Amino acid sequence: MIALIRYTFATVLHTQRYLAPLLLFTGLMGVLTVNGSGPLPPAYASSSGALFVSSTWLTIALMSLDDPPQRAIVIITAGGRSLTVLLATIGTALLSCLVLMAFGLFFPLWMGDYVVTATDLLLGLGAQLTCALVGIAIGVLCSKPVFKRQGYALVAALALVLGALFVKGMPPVNFLFTLMATTPDAAKLLAPTGAMLAISAAILAVCTAATQFVAGRRE
């Protein structure tokens, strides 16, 4: 698994496919969180939204690194276990998101004027992790192993991202953002954030299983 994650990191760094989602994340952070003040939950909602969109794009890029012949070689090298290759890609996406989460956690504090508590930081961490997991789930599901035509994958990804962001009350993303935008007390948000985090982990597990099922049938 570690070797596969290292291989995926090396490949994405060599192909520079990480640049577009990285630039998107930093651009959204600059627009949404600069010169903020007041309670921190709305600021962390913005950084979580930036990570949600960027993690989706990054995961789709990671899932599309290898063409079918190269992917077959990687699976054979991994002992014929395509699930292991898929999990390594998800692990690479998650590790990349952890780096972005650190930036999303502290950049608003640097550029704004906030009173920071440990509860605020814990909330920001939980909210960003929730959005990262959902973004990775969408990226896994809307990837080359599932959609042969990239145009269909793009439309599906856009529909799922926009639905998660803007369908009122849709858990976990829109529901969490609504709470963070309307509740300034971070302590009151920890319990619902934990629940949304559990839902996002379940969504990632379901999307991973669905992707493995479809890819397995095609391979």
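View 1. Thr92 is buried, its relative accessible area being 0%; buried stands for under 20% relative accessible area, exposed for over 50% and partly exposed for what lies in between (1.4 Å probe, protein chains only). The model is predicted: local features need pLDDT of at least 70, side-chain atom pairs count only at pLDDT 80 or more, and totals for chains, interfaces and linings use all residues. Residues are numbered from 1 along each chain as its sequence is written, and side-chain values use heavy atoms, with hydrogens and water left out. Thr92 belongs to helix α5; helices (H or I, at least four residues) and strands (E, at least two) are DSSP runs, numbered from the N terminus. Neighbours within four places in sequence aside, Thr92 is in contact with Ile5, Thr8, Phe9 and Leu62, where contact means heavy atoms within 4.5 Å. Val12 is 80 residues from Thr92 in sequence, and the two are 9.9 Å apart in space, C-alpha to C-alpha.

View 2. Thr89 is part of α5 and counts as buried at 8% relative accessibility. With residues up to four places away in sequence not counted, Thr89 touches Leu62 and Met63. Leu86, also placed in α5, counts as buried at 2% relative accessibility. Leu86 and Leu23 are separated by 63 residues in sequence and by 25 Å in space, C-alpha to C-alpha.

**View 3. The two sides of helix α4.** In α4 (residues 68-77), the buried residues shown are Arg71, Val74 and Ile75. They lie on the same side of α4 because they cover an arc of only 100 degrees around the axis; the arc is that of the directions from the helix axis to the C-beta atoms. Pro69, Ile76 and Thr77 are exposed on the other side of α4. The cover over the buried residues of α4 includes α1 (2-15) and α5 (82-111). Gly79 follows α4 and has a positive phi, near 85 degrees.

**View 4. The largest nonpolar core.** This core has 26 residues, and those with the most contacts inside it are Phe52, Ile138, Cys142, Leu165, Val173, Phe177 and Met180. At least two residues of this core come from each of α3 (41-63), α6 (118-141), α7 (150-166) and α8 (173-182). A nonpolar core is a set of buried Ala, Val, Leu, Ile, Met, Phe, Trp, Tyr and Cys residues joined through side-chain atoms within 4.5 Å. Not counting residues up to four places away in sequence, Phe52 touches Cys131, Val134, Gly135, Ile138, Val161, Ala164, Leu165 and Val173. A second, separate core has 23 residues, among them Phe107, Leu133, Leu204 and Cys207. In soluble globular proteins, nonpolar side chains tend to be buried together.

View 5. Phe166 is placed in α7 and counts as exposed at 61% relative accessibility.

**View 6. Backbone geometry at Pro172 and Gln16.** The peptide bond from Pro171 to Pro172 is cis, and its omega is near 0 degrees. Pro172 sits in the loop between α7 and α8. Gln16 is not a glycine, yet has a positive phi of about 60 degrees. The loop between α1 and α2 (19-33) holds Gln16, which is partly exposed with a relative accessible area of 47%.
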